[in-house]
Amino acid sequence: MTTTIPVAGGAFAPYEVVVGRGLLKAAGAEVAALKPTRAFIVSDETVAAIHGETVRASLAAAGLATGIVTVPAGEASKSFEQLEAVLDRLLAKGLDRKSMVVALGGGVVGDLAGLAAALFMRGVDFVQIPTTLLAQVDSSVGGKTAIDTPRGKNLIGAFHQPRRVLADIEALATLPVRQVRSGWAEVLKHGLICDAAFFDWLGNEGAAGAQGDPDALERAVIRSVEIKARIVGEDEKEAGRRALLNLGHTFGHALEAELAFDETLTHGEAVALGCAMAFRYSARQGLCPAAEAERAEAGIRAAGLPTRLSDVEHGFAADALIARMAGDKKAEGRRLTLILARAVGDAFTDKNVDAETMRAFLIEEGAA
Ligand SMILES: NC(=O)c1ccc[n+]([C@@H]2O[C@H](COP(=O)([O-])OP(=O)(O)OC[C@H]3O[C@@H](n4cnc5c(N)ncnc54)[C@H](O)[C@@H]3O)[C@@H](O)[C@H]2O)c1
Ligand SMILES: O=C(O)C(=O)C[C@@H](O)[C@H](O)[C@H](O)COP(=O)(O)O
Ligand SMILES: [Zn+2]
C-alpha cells in the first residue's frame with residue numbers, strides 16, 4: 001500500500017510524494033511515466049553500493065537509457081567541487097534538456113543533485129528518491145537545493161521543485177541508527193512547530209520509530225510530509241510562513257559551520273540541539289512557559305538526541321556563533337531572525353532578536 005501526498009500551491013508545478021514499500025523497484029515505471037528522454041542517477045558511494053543497482057535496473061527495465069554518477073558520502077560533498085564534477089558528468093554523458101536527474105540518497109545527494117538539475121542547461125527536471133529518514137521527511141520535499149561554503153551552510157542554492165518524490169520505507173532498513181535518530185530530529189521539529197499531538201505521539205506510541213521500527217517510521221514520514229507540503233504549498237520561497245521550518249536551524253547551522261561541517265554533529269543532531277536552545281531562549285525571554293521548554297527538551301532527549309552544548313565534544317565561542325547567525329539567510333539588517341515558540345506546537349518568527357541578549361543567552365548555555 002502506498003500513500004500519496006500532493007504538494008501544490010499555485011506558485012510551482014504541483015507534484016506528489018509517494019510513501020510506501022518497494023518503491024525503489026518501481027522507480028523505472030514512475031520515472032518513465034514522466035516521459036524523459038533518459039534518466040541519470042546521482043548518488044553517493046555508500047547508497048549506490050546498496051541501492052544503486054536496484055534503481056538502475058528498474059529504470060533500464062522501463063526502457064530508459066540511464067547511467068550513474070556518485071560523490072563521496074557525507075556533508076563535504078555539498079561543495080562547488082562536487083557540483084562541478086556532477087555537472088561535468090551530465091555534460092559528458094550527453095544529457096539533453098528533456099533528461100531526468102534522479103537523486104538517489106540522503107539530503108546531501110538531494111540538495112546537490114537538485115542544484116545540479118536547476119543549473120544544467122538552465123534547468124532540467126529531477127525526481128527525488130530519498131534513502132534516509134531525514135530526506136524522506138524533509139529535504140526531498142519543497143525544492144530547496146544548495147551547497148555549503150566555508151562561510152556558511154546552504155549559502156549557494158536555488159529553489160527547484162522535484163517532479164515526483166518516491167519515499168521507500170524499506171530503503172531505511174539499511175540506515176545506521178545514528179542516521180535514523182538524525183532524521184527523527186526533523187520529525188520532532190515538525191511537531192514542535194505546529195502539531196503538539198504529533199509531538200506527543202512521537203514520544204509515546206510512535207517512539208519505536210527512533211529505533212527504526214518501519215510502521216512507526218511510515219506514520220512519521222507521512223505526517224511530516226503532510227505538514228511540510230502544506231507549508232511549502234503556501235509559501236514556496238520563504239516569504240513568510242515557510243521560515244517556521246527553520247526552527248532550530250539558526251543555532252544548528254551556526255554549530256555545523258563552526259565545526260567545519262565535520263562528523264561531530266550530523267545536521268539532524270545540530271537541529272535537535274538548536275530546537276532545544278530555541279525553546280530555552282523563548283522561555284528566557286518570557287515568550288514561552290519554562291514547562292514547555294522542558295517538555296520540548298525531554299522529547300528530544302528521549303530520542304537519544306543532544307539538547308545541550310555540553311553534549312558536544314567541542315567548545316564554542318559566543319561571538320563566533322553570533323557572527324554565523326548574523327550571516328544566516330533569514331537575517332535582515334543588524335538584527336538576528338530566529339524561529340521561537342510560545343509552546344510545543346506553536347512556533348513563530350521573531351525578526352528582531354538583539355545580538356547582546358543572544359550573547360548573554362549563549363554564555364548561560366555554556367559558550368565561551
Ligand atoms: N533541502 C532541504 O529542504 C533540506 C532539509 C533538511 C536537510 N537538508 C540537508 O540534508 C543534509 C543531511 O541529509 P542526511 O541526513 O540525509 O545526510 P546524508 O545525505 O549525508 O546521509 C547520511 C549518511 O547515510 C548514508 N545513507 C543514506 N541512505 C542510506 C541507506 N538507505 N542505507 C545506508 N546508508 C545510507 C549516506 O551515505 C550518508 O553516509 C544536510 O546537508 C542538510 O542541510 C536539506
Ligand atoms: O524546507 C525548509 O524550508 C527548511 O527550512 C527545512 C530545513 O530542515 C532544511 O535544513 C533547509 O535546508 C534549511 O534551509 P536554509 O534556507 O536555512 O538553508
Ligand atoms: Zn534541516
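Which residues are the protein donors of the zinc ion (ligand 3)? This is a predicted model in which local features need pLDDT of at least 70 and side-chain atom pairs count only at pLDDT 80 or more, while totals for chains, interfaces and linings use all residues. Residues are numbered from 1 along each chain as its sequence is written, chains are lettered from A and ligands numbered from 1 in the order in which they are written, and side-chain values use heavy atoms, with hydrogens and water left out.

Select ligand 3, the zinc ion, and then Glu186 (OE), His249 (NE2) and His267 (NE2), its protein donors at 2.0 to 2.1 Å; donors are N, O and S atoms within 2.8 Å of the metal (3.2 Å for Na, K and Ca), and because water is not among the atoms, sites may look incomplete. Along the sequence, these donor residues follow the spacing E-x62-H-x17-H. Glu186 belongs to helix α6 (residues 177-194) and His249 to helix α9 (residues 249-258), so this pair ties together parts 63 residues apart in sequence; helices (H or I, at least four residues) and strands (E, at least two) are DSSP runs, numbered from the N terminus. Glu186 and His249 are both buried, meaning under 20% relative accessible area (1.4 Å probe, protein chains only).

Next, select strand β5 (residues 100-105), where six of the six residues are buried, so the strand is largely enclosed by the rest of the structure. Met100, Val102 and Leu104 cover one side, and Val101, Ala103 and Gly105 the other.

Definitions and conventions
Buried < 20%, exposed > 50% of the residue type's maximum accessible area, 1.4 Å probe, protein only.
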